[in-house]
Amino acid sequence: MPTLDCAHLPFLLYGGDYNPDQWPRDVWREDVALMREAGVNFVSLGIFSWSKLEPRPGDFDFAWLDDVMDMLHAGGIAVDLATATASPPAWLAKQYPESLPVTSTGVRLAFGARQGYSPHSQAYREHAARLVERMADRYKGHPALAMWHVNNEYGCHVSECFSDAGAAAFRLWLQRKYGTLDALNHAWGTSFWSQIRYSWDEVDPPRAAPTFVNPAMQLDWKRFSSDAILELMHMEVAILRRVTPDVPITTNFMGFFKPLDYFKWAEGEDLVSEDAYPDPSSADEPAHNAMRFDLMRSFKRGVPWLLMEQAPSAVNWRPRNSPKRPGQMRAFSLQAVARGARGVMFFQWRQSAAGSEKFHSALVPHAGRDTRVWREVSALGADLAKLGDIREAPVRADAAIVFSWENWWAMELDSHPTADLKMLGQLRAYYDRLYEQNLTVDFVQPGQDLAGYKLVCVPNLYLTRLEAVAALERFVAQGGVAVVSPFSGIVDENDRVHLGGYPAPLRALLGVRIEEFAPLQPGEGNRVATRDEELFTSRVWSDVMECTTAQPVAMFTEDYVTQRPAVTRNAFGAGYAYYLGTCLDADGMRWVLARARHDAGLVSPMATPAGVEAVWRGDWLFVLNHTRDAQRVALPAGLRDALSGAPASALADLGPNESRVFRRP
Ligand code: GAL
């Protein structure tokens, strides 16, 4: 697999989306001069340029892009060149109305925004493929071309299309998966509610229906929709690999984006890239941002990823768009580098004068260079230039969280015991408690080998394949510690219940038997008392369970589950498996994870005040103050300031939102 050429790009990448087609030529020259001034060395070019590159079907105009490519190269700026297929021109929609996407209620969406295509449209596919071929032919061997940027944020606005072409593609996908209708009927449990299909024509997408649509069908539809859009990426990648085999390829992800199974997607690209837009007004965002960065690093373990987009300051698409406060943009940028990024990029270089994003911040704001944003991005450019050696350094994680898209989809299907168990909240219940201990976390798919981790957290593994059970059992038997959330081990890959008493396939590992679920109403809670007499609140869920081989470590104290186990610990081989029969409050999770960490021998690398994050990447230590107050942090001995080179003192003082980088000699 081609990688980003480190000999030619021996620095952290720094830059952003560059849209010169929105500006006259004289602005382009100024752009290159300003890019150099800000330390920009990499731009993503031409993402939304299709209508400029192909004004009429088959009639291409590359002259302007040739000039931009040459100019950037002359200025020493490398290019992440877009295939420009993200937003088809008006003529495609006019000529092929069926290329526009259709919603589950049968509405065909109109041209006039962006991403106006159905992933199942033959016309879109053919025209996109032709454009990619022409782009690749035109720019192969161009010295500015460093990477391909396939499409843009696939699925961002249209992640499912219920058109007739979509229905036909769904049937084909199902035929490949199941072979026969009998197999499909069995997998979907169609004896329920008279849903048996006797011919493939009777299978349609899960369009708006009188009530709950067959859940196994909904689950397959999610899998199919992710695969269908992935097919578009594969189509482009195949062309690019043929014409420019040495140029690495990426497409930009959107963190925990529910519609697309990025584990599968990441296999098809050379470099993982991510767009992250934390809300600067929310104190909750640093942990969430850290979590998505850890996810990005986890897709290709050991290989750096790239922060492809973030806002220099405010975005335009929230109801209220706060600017990033002084220091916040730097903190979020360094957070990415700390968690394994190969560089830091923005949307976008120059703030648009027209269009829907004219109030979105940019490196060059409407007000020009004499602005706080410009000063902060230029200063960051200069700082990153001093951190180039870090670009390939690995990030070590001793803890992992088990996560998969198919489980997310299945867990949030309708008609469950409660609608209040949500995957992101359940992930955060673990992640935040590890984050506040400055413990870095990898995300692993169920069934993946867990050797090398000390602690593995399993938030709501509702859909449990037997290979996931085997991997967990192996890990714990060999001395690992696992913590498992409620509503795990419930169904197989077709959403069919594992019979024999919950959580059937996990009963040996967890040593519990659950008779009944007792979810709670909003505002309702129970209390959970630990053996050492701590008391916590629990919400959302309670299991009515008994221990078979596990020991209870905390009991419910209210209602008819009083004195029943709420949290258990089971010795299994050389390790331990904890089970949570409820959703504990933050203090309760802290308590459980402290015990589990103790069993696992997992210690925090460094203590920091609340809101201050410390992350090691190789020999570099990043200390990020995400609070609006000054903070003091005790540092390990023997460090130097990575930017000034001066020896660091034992205590580091950080101003509001200030970040520092240190290095072990
Ligand atoms: C991203 C997108 C960019 C821009 C940005 C604004 O989702 O890739 O093109 O629209 O959001 O925040």
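View A. A ligand oxygen lies 2.3 Å from an N or O atom in the side chain of Glu357. The protein covers 95% of the 310 Å² of accessible area that the ligand has on its own (Shrake-Rupley method, 1.4 Å probe). Asn152 places a side-chain N or O atom 2.9 Å from an oxygen of the ligand. For Trp317 the corresponding distance to a ligand oxygen is 2.8 Å. Polar contacts are pairs of N or O atoms within 3.5 Å; within protein, one must be able to donate a hydrogen and the other to accept it, and residues adjacent in sequence count only if both atoms are side-chain atoms. The residues around the ligand (a heavy atom within 4 Å) include Phe48, Arg114, Asp275, Tyr277 and His360.

This is a predicted model: local features need pLDDT of at least 70, side-chain atom pairs count only at pLDDT 80 or more, and totals for chains, interfaces and linings use all residues. Residues are numbered from 1 along each chain as its sequence is written, and side-chain values use heavy atoms, with hydrogens and water left out.

View B. Ser87 is in the loop between strand 3 (78–82) and helix 4 (90–95). Helices (H or I, at least four residues) and strands (E, at least two) are DSSP runs, numbered from the N terminus. Ser87 counts as buried because its relative accessibility is 15% (buried is under 20%, exposed over 50%, partly exposed in between; 1.4 Å probe, protein chains only). Its side chain reaches the backbone nitrogen of Gln115 at 3.3 Å. Leaving out residues up to four places away in sequence, Ser87 touches Phe48, Trp50, Ala113, Arg114 and Gln115 (heavy atoms within 4.5 Å). Phe48 and Arg114 are also among the residues around the ligand.

**View C. Val484 in strand 13.** Val484 belongs to strand 13 (residues 481–484). At 1% relative accessibility, Val484 is buried. Beyond four places in sequence, its contacts are Tyr430, Val458, Leu510, Tyr578, Tyr579 and Leu580.

**View D. Two cis peptide bonds.** Phe347 and Gln348 are joined by a cis peptide bond, omega about -5°. Phe347 is one of the residues around the ligand. Gln348 sits in the loop between strand 9 (341–346) and helix 12 (372–385). From Tyr502 to Pro503 the peptide bond is cis, with omega near -15°. Pro503 falls in the loop between strand 13 and helix 16 (507–510).

**View E. Positive phi at Ser415 and Gln563.** Ser415, in the loop between helix 13 (405–411) and helix 14 (423–435), has phi near 50°. Gln563 has phi near 70°. Gln563 lies between strand 17 (551–556) and strand 18 (565–572), in a loop, and is exposed at 54% relative accessible area.
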